[in-house]
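The sequence and structure come first.

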Amino acid sequence: MSEPEAQSEVSPGAPDGQGRPPRQEPPRGKKPGSSRGIVIGIVGGLVIAGIAAVVLPNIVRDKPPVVGEESTLEVLVPADINAALPTLDPGTSKAAVDDAKNCKAPLAWVTLTQRNEHGGMVRVRSGQYLSPPIKLTPAPQRVAVPYPAPYPVGRGVLTLVGEADQVGFYLRPGGVQDVNGTYSVNVTWQVRNPCPS
């Protein structure tokens with residue numbers, strides 16, 4: 001027998017004549033590679049869920065426009081609520097005032113002034129709330145506003161609306177000065193118990 005013929009000789013029980021042991025059949029009900037497919041499916045699902053957790057909140061949430069650096073919106077302490085009532089629109093702020101008095105969600109405040117003998121009338125938009133017209137004066141005025149987003153969110157946008165020029169619109173840190181016309185600013189706040197004991 002020649003060498004090529006010897007190599008092609010079939011050994012007993014070996015398929016294809018290559019001397020390999022017979023292939024084992026998978027257990028009943030299982031297909032070959034099904035465990036690997038399950039693992040790949042689980043890992044793929046986790047990767048997709050991770051991407052969705054990062055991307056979806058940014059798409060779904062009403063994201064405030066990017067307007068310079070963020071400023072901090074300060075809490076109006078409960079003892080100052082009654083003094084702040086004249087700066088609020090009585091028709092649209094009642095629920096926010098009640099929530100502040102009942103320690104559900106506080107009110108916030110900003111300071112407005114007339115600068116360089118300029119001035120006029122302005123309003124502050126905070127979420128759906130629009131303040132009554134505010135006549136600017138050289139003396140700083142503390143103006144109460146509801147938070148521009150639900151209090152637990154911790155961020156939103158305030159907009160100064162009006163025809164005034166060179167308005168001092170003060171927030172922390174440093175504030176915003178010399179605003180002319182409509183101006184929006186991103187604000188954040190520290191979420192904490194509205195009525196600390």
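In which strand is Tyr170 found? Tyr170 is in strand 9, residues 167–170, where strands (E, at least two residues) and helices (H or I, at least four) are DSSP runs numbered from the N terminus. The model is predicted: local features need pLDDT of at least 70, side-chain atom pairs count only at pLDDT 80 or more, and totals for chains, interfaces and linings use all residues. Residues are numbered from 1 along each chain as its sequence is written, and side-chain values use heavy atoms, with hydrogens and water left out.

**Overall fold**
- The protein contains four helices and 11 strands.
- Of its 197 residues, 32% count as buried, meaning under 20% relative accessible area; exposed means over 50%, and partly exposed lies in between (1.4 Å probe, protein chains only).
- Among contacts (heavy atoms within 4.5 Å) between residues at least 6 apart in sequence, 65% join residues at least 24 apart.
- The protein exposes about 12,900 Å², of which carbon and sulfur atoms supply 57%; the areas come from the Shrake-Rupley method with a 1.4 Å probe.

**Nonpolar core**
- A nonpolar core is a set of buried Ala, Val, Leu, Ile, Met, Phe, Trp, Tyr and Cys residues joined through side-chain atoms within 4.5 Å.
- The largest such core has 35 residues, and Leu73, Leu112, Leu158 and Phe169 touch the most other members.
- Strand 3 (residues 107–114) gives the most to this core, with five residues.

**Tyr170**
- Tyr170 counts as partly exposed, because its relative accessibility is 27%.
- Tyr170 and Thr111 are 59 residues apart in sequence, yet their C-alpha atoms are 5.1 Å apart.

**Salt bridges**
- The structure holds two salt bridges, each being a side-chain nitrogen of Lys or Arg within 4 Å of a carboxyl oxygen of Asp or Glu.
- In one, the side chains of Arg142 and Asp80 meet at 3.4 Å, N to O.
- Arg142 lies in strand 7 (residues 141–145) and Asp80 in the loop between strand 2 (74–76) and helix 3 (81–84), so this pair ties together parts 62 residues apart in sequence.
- Arg142 is partly exposed at 40% relative accessible area, and Asp80 is partly exposed at 27%.
- Asp98 also forms a salt bridge, with Lys94, the closest N and O atoms being 2.9 Å apart.
- Asp98 and Lys94 are separated by about one helical turn, because they are four residues apart in helix 4 (residues 94–101).
- Lys94 counts as exposed at 53% relative accessibility, whereas Asp98 is partly exposed at 31%.
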